[in-house]
Amino acid sequence: MQSGKAVWPWVLGVVVIGGAAGWLFRDPLKSLADGVSVPVQSAPVTRSAPAQPNAAAEPAPAPPPIRHPLEVEADPALPTLADSDAAAWAALSQLFQGEGPLTLLLRDHLIQRLVTQVDTLDKPSVPPTALAARPLPGSLRVDAGEGGERIAATNAARYAPYVQAFTALDPATVAATYKRFYPLIQQAYVDLGRPQGYFNDRLVAVIDHLLDTPEPAQAPRVERDERGRYRFVDPGLQARSIGQKALLRMDAAQARAVKQQLRAIRSAITR
């Protein structure tokens, strides 16, 4: 978590479902960016190994079965993924009845960004390239009290417009738009390095992970780390994924409303 610049990455992050995902869960992402891993170079070979006879090529593993298939009708008017930004933005604007809730989203490579972001929501940290939205203005609000600082009740006001916009979406309309754009969404997922993956299965798994977020009886305690960023005092909460941490930063009513909408959307994309 971070004081100063809050980052919103929301829950569903594909073109349609992910429009909301761009801001709601953007809060903890930037401060939890992964470091760059450096591959370890193997020791140099001092002598060549004897030639081995050509072994029969092993068959490629079968792709995992699709658990939540979508019925998708071909749409000849659908643009290519490379040219999809304008159409994706227009679809999101129509769903949210205006661009107000979408002002933080980055418009370029919109589908690709949102697919990448959804794929990271159940991870403890993310690379900066996974961010699909600009930082939310303001900073985390806390209250000092016995035992230390806790997330303040007034902090919910920062999230309120986005939670309200997300929970006001009609799940059936969201699902219909999602299915229309699904060929491009699936292509972006394959391009992400998941040639045998089915994005709708991944999305459902991420939703289920978010629904499993604990619901503390009171606002969690927080403390600053050595870099001045807020983190949860409870190591169990601090070890949670970026998506679950985002829900934990909301107040109880907001988190329940978000979960209720997630369940409704999950139902609409798994029929």
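## Terms and model

Contact means that heavy atoms lie within 4.5 Å. Helices (H or I, at least four residues) and strands (E, at least two) are DSSP runs numbered from the N terminus.

This is a predicted model, in which local features need pLDDT of at least 70 and side-chain atom pairs count only at pLDDT 80 or more, while totals for chains, interfaces and linings use all residues. Residues are numbered from 1 along each chain as its sequence is written, and side-chain values use heavy atoms, with hydrogens and water left out.

## Helix 5 and helix 6

In helix 5, Tyr 178, Tyr 182, Ile 185, Gln 186 and Tyr 189 meet Phe 199, Asn 200, Arg 202 and Leu 203 of helix 6. These contact residues comprise six nonpolar, two polar and one charged. Here Ala, Val, Leu, Ile, Met, Phe, Trp, Tyr, Cys and Pro count as nonpolar, Asp, Glu, Lys and Arg as charged, and the others, Gly among them, as polar.

The axes of helix 5 (residues 171-191) and helix 6 (residues 199-211) come within 9 Å and cross at roughly 95°. Axes are lines fitted to C-alpha atoms, for helices over the stretch in contact, and angles run from 0 to 180 degrees between N-to-C directions. The two helices are therefore roughly perpendicular to each other (65 to 115 degrees; under 35 is roughly parallel, over 145 roughly antiparallel, and the rest oblique).

## Helix 6 and helix 9

Helix 6 packs against helix 9 (residues 252-268) at about 155°, with the axes 10 Å apart. Helix 6 and helix 9 are therefore roughly antiparallel to each other.
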